[in-house]
Amino acid sequence: MTQIISISGPIVKIRVDDQNPGLFEVAYVGSQGLIGEVVDIDKNVATVQVYEDTEGLSLGEPVEFTGHMLNAYLGPGLLGGIYDGIQRPLTKLDFRIKKGLKEFPLEKDKKWHFSPAVKEGEVISAGSLIGEVPEGGLIHRIISPFSGKVKFVAEEGEYTIDDTVVLTEEGKEIKLYSTHPVRIPIGFKSRKRSKIPLITGQRVIDFLFPITKGGTASIPGGFGTGKTILQQTLAKWSDADVVIYVGCGERGNEMTEVLKDFSKLKDPKTGKPLMERTVLIANTSDMPVSAREASIFLGITIGEYYRNMGYHVALMADSTSRWAEAMREISSRMNQLPVEEGFPSDLSSKIASVYERAGFVETLSGKEGSLTIIGAVSPPGGDFSEPVTRHTRRFTSVFWALDKDLANARFFPAINYTLSYSSYPDDVSNWWKKISPDYDDLRNWMINLLQEDEKLQRIVKILGTESLPEDQKLVVEMANLVKEVFLQQNAFDPVDAHSFPEKQMKMAETLKVIHRMWEKAFIQKGIPVSVLKNQPVITEFIRSKYEIKNDQVDMYDKIIKKIIDVYTDLISTYGE
């Protein structure tokens, strides 16, 4: 006998006298077959977390256990797709998703051009390349999930995802698609320490607080600080091969904006629409809260799938706080003992289970791939000491703290350069030194300057800049120039929205030259800062970030020469 005995929102308890369901097994609940997942088993009572609205569900209705975990369907056609938290393709569904609807996420009728990479009689192992299928601007690599001796290989040609392309002598079939449980990581050969930065085009990130390919980052910030805009910017401009954007409990208009923008934007690598290398998972705020957890794990599983093809994948999760809030609600309905602020006691391990699946790996086929996970956190009132932010900070190596004051001053990206940090500068140092051997010196100079300015700002806010001695005024004005020219970036300007590493380095070198010339002028001639900062060449340099394109960085050499000439003349003639 298998029937519902208790309903509390998305939590349904089921008597299972004659069945033995497994933990995280998928169940179809009620006469409508609502999709759920077993999250607890106590003697003959199974607790199911239902991923759909349970309104109208009645006690005594039957429940069917499927015998398998919640799977992701992986194959050609994922790129450019938009799915809900349990991978139902939203483009195929009506305005309102019908309860119990089970739509296959990939297109079964579409034909793909398959080119085999193995021959009959060949022995394959788990991770072997079976063949290739063009997908958008990428080559979709079909990887064998098991070992065996090839008995049959399909000839090069057009096939649907349901067609068998390889058959082993043991009778195992390989199709163009496969399935994998979302809660179980996809295997790889070994994890490696990444030395390659994920270039985002945002100077404050790439230069000061970098993230490696395969790294983890958190973006905490209160309402209105620009978390969503920053994540969308990273998704648009990062040099990842595949981008997975997970809207976890986001407002529907924000996901619509992503879909519209990505369809119009061109991928700088291929020139094709950016959407062709993107997977959107839209679990919006009006959908059942229980599916928020599934949406994150679904995105990670798809990311691991492309990572194992040898691609670099970036996953944006916005926002993990709403997932944690869903966990809090479900935990309370299951009568679990709450800890601080009502969150479940396993909050820390749940957050860790997400970020631990990031990494730079050697795949089973010997290729290198990575999965970078960047999660936004929405602390109430911008309080970074609340549990979700605090635990996320423990398990991520980059902390991009968004500042309400910077956002109110229209300073974007509103990343607080004194609270933020990165654990990866030493790892990416050699990569940056190929562009300029002065990377470490320039980065350390800029951070020290900003930290010194932060101390002086306490005095400035009370007494004003004029109260400072001239040498401290120089520090404050130089830091203001760094903020205005380097740290602040206009996401809507076609030139300034995205900076290549070469341009970032030249801008930093120019700023260091200005600082050096200002110090020289002050020490040698006592020239006041008010005179130094008002030279026309400074205005020209400020304007240059909107005028010098990424392929015109040599123009900074002319500006540097002009800066040196102007201040050398000023030093020699001042006071005469």
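Visitor: Which residues does T2 touch, not counting those up to four places away in sequence?
Guide: T2 touches I14, R15, V16, D18, Q19, E61, P62, V63 and F65. Contact means heavy atoms within 4.5 Å. This is a predicted model: local features need pLDDT of at least 70, side-chain atom pairs count only at pLDDT 80 or more, and totals for chains, interfaces and linings use all residues. Residues are numbered from 1 along each chain as its sequence is written, and side-chain values use heavy atoms, with hydrogens and water left out.

Visitor: Is T2 buried or exposed?
Guide: T2 is buried, at 15% relative accessible area. Buried is under 20%, exposed over 50%, partly exposed in between (1.4 Å probe, protein chains only).

Visitor: Where does T2 sit?
Guide: In strand β1. Strands (E, at least two residues) are DSSP runs, numbered from the N terminus.

Visitor: What is the bridge partner of T2 in β2?
Guide: V16. β1 and β2 (residues 11-16) pair in the antiparallel sense over six bridges. Two strands pair if DSSP finds at least two bridges between them.

Visitor: What is the order of the six strands in the open sheet?
Guide: β1-β2-β5-β4-β3-β6, with antiparallel pairing. β1 (2-8) and β6 (63-69) stand at the edges with a single partner strand each, so one side of each has no neighbour in the sheet.

Visitor: New topic. Which four strands form an open sheet?
Guide: β10-β13-β15-β16, in that order, and the pairing is antiparallel. Here β10 (123-124) and β16 (173-175) are the edges.

Visitor: How many bridges join β15 to β16?
Guide: Three, with β15 covering residues 164-168. T164 stands opposite K175 in β16.
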